[in-house]
Amino acid sequence: MSGPLTRQSLMVAGFCVLADVLTFFYEGAYAYPGMSFWWLLAGIVLADAALASPARLSGAVALAQAVLAVAGALILPAGGPLPDVNDAGLLVAAYRSGAWLRGRPAVLALLYLVAGSVGAGVLGGTDPADWRSLLLHAVKEALLAWLVGRYTAARGAHIAELRQRAERERERAQQALADAVAGERSAIARDLHDVIAHHVSAIGVHAGAARLGLGAAKEASPVSTALVAVETSSRAALLDLRRMLDFLHAGAAEGARQPGLDDLDELVHTVSAAGLRTSVTVEGDPRELEDSLDIAVYRVVQEMLTNALRHGDGRVDVVLSYGSSSLTVTAVNPKAAPGRPPADSPHRGLDGISSRARMFDGHAEYGPVSGGADWKTTVTFPLDGT
């Protein structure tokens, strides 16, 4: 703001100098002899140029303009009409004093200007008994411009207050919205804990009890292996659920974090215990990913393995390929035998994979390959080139 205000002050001062100088050349050249004319002209230039000075000097500028007006009347030869000396400077000085000054300095500046206007009128030949004319001249040259300055400053302050009030209202509305979202997240977290955590815990407990009920002789049976997988999966689900609940509560415990690619071995171990033969291959030069992207890639791999476990035929090959500008995750698994009953909730996992990819400007492709015997899912995430 300081740059435009400075330019405007210089422009106003320049036009005042131009207006008063041209007027004085036209009217004062015939009224003032020799050196008086040039001294007054120099005073006009200096006093009007001072209108570009800082606002805190508005009182001093008003005093200088008043003194210049009285000086022009004092050195006027007897019998000549009083020419316009610095009318433009007086008006702008009065406006500046009303707009920028407050309290006692503003009143003093107004008194300087009124005294200068009345004094110049009396010394310039106006009959002191004609007080109405003197008063009207002072109102036009000083009081009116001073009041306009006061009004302009008050209006600007009022507009600024309205803007600040609107900004405070907006901030309060945003805070209320944030509080409402936090409350809703807490409610969702409580519902998830009450509805899901209880049932998943019960699944793990019942699976453990069933495995123990088989006895030592049945430890290596397929049923025992499946029950171990159920226990492991339920514990992993509870761990992920607790992480999500901490996130929804916006108060995760110290050290708690969402799983990422560093947890792939644990994920592979879990699905392998459930009977899915899993191979994970990393191609290219692995790099550290941002936390949000690292979590998203882990979730995509998790969903790929889940789909292969539910809809495949017991085996899946996963490849993480790091390129110069992208990370591609590919999963290939044989499709289930024709006689196997289809799993419920078709395509919901694939929609989730696609949504996670789009969140990072990536894309997902999936469909049958190798004549329809295998199913292939490919997800590409763009990476920074560094």
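How many bridges join strand 3 to strand 5? The count is 9 bridges, and the two strands run antiparallel. The model is predicted: local features need pLDDT of at least 70, side-chain atom pairs count only at pLDDT 80 or more, and totals for chains, interfaces and linings use all residues. Residues are numbered from 1 along each chain as its sequence is written, and side-chain values use heavy atoms, without hydrogens and water.

**Strands**

- Strands here are DSSP runs of E with at least two residues, and helices are runs of H or I with at least four, numbered from the N terminus.
- Strand 2 (residues 315–322) pairs with strand 3 in the antiparallel sense over 6 bridges; pairing requires at least two DSSP bridges between the strands.
- Strand 2 and strand 3 form a hairpin, with 3 residues between them.
- Leu-320 stands opposite Val-329 in strand 3.
- On the pairing with strand 5 (residues 374–382), Thr-330 stands opposite Thr-378.

**Salt bridges**

- The whole structure holds 5 salt bridges (a side-chain nitrogen of Lys or Arg within 4 Å of a carboxyl oxygen of Asp or Glu).
- Arg-165 and Glu-161 meet in one of them, at 4.0 Å, N to O. Both lie in helix 6 (residues 131–214), 4 residues apart, about one turn of the helix.
- Arg-165 is partly exposed at 42% relative accessible area, and Glu-161 is partly exposed at 30%.
- Glu-167 and Arg-170 form another, with the closest N and O atoms 2.4 Å apart. These two also lie in helix 6, 3 residues apart.
- Asp-317 forms a salt bridge with Arg-315, with the closest N and O atoms 2.9 Å apart. Shared partners join Glu-161, Arg-165 and Arg-168 into one network.

**Surface charge and loops**

- Asp-262, Glu-288, Glu-290, Asp-291 and Asp-384 gather in a patch of negative charge on the surface. Patch members have over 30% relative accessible area and no salt bridge, and like charges are joined within 9 Å. Asp and Glu count as negative.
- Glu-288 sits in the loop between strand 1 (277–283) and helix 9 (291–311). Glu-288 counts as exposed because its relative accessibility is 80%.
- Asp-361 has a positive phi of about 60 degrees, although it is not a glycine. Asp-361 lies in the loop between helix 10 (348–359) and strand 4 (363–369), and is exposed at 69% relative accessible area.

Terms used
Patch = residues over 30% accessible without salt bridge, like charges linked within 9 Å, V, L, I, M, F, W, Y side chains within 5 Å. Areas by Shrake-Rupley, 256 points an atom, 1.4 Å probe, with all protein chains shown as cover. Charge placed at Lys NZ, Arg CZ, Asp CG, Glu CD. Buried < 20%, exposed > 50% of the residue type's maximum accessible area, 1.4 Å probe, protein only.
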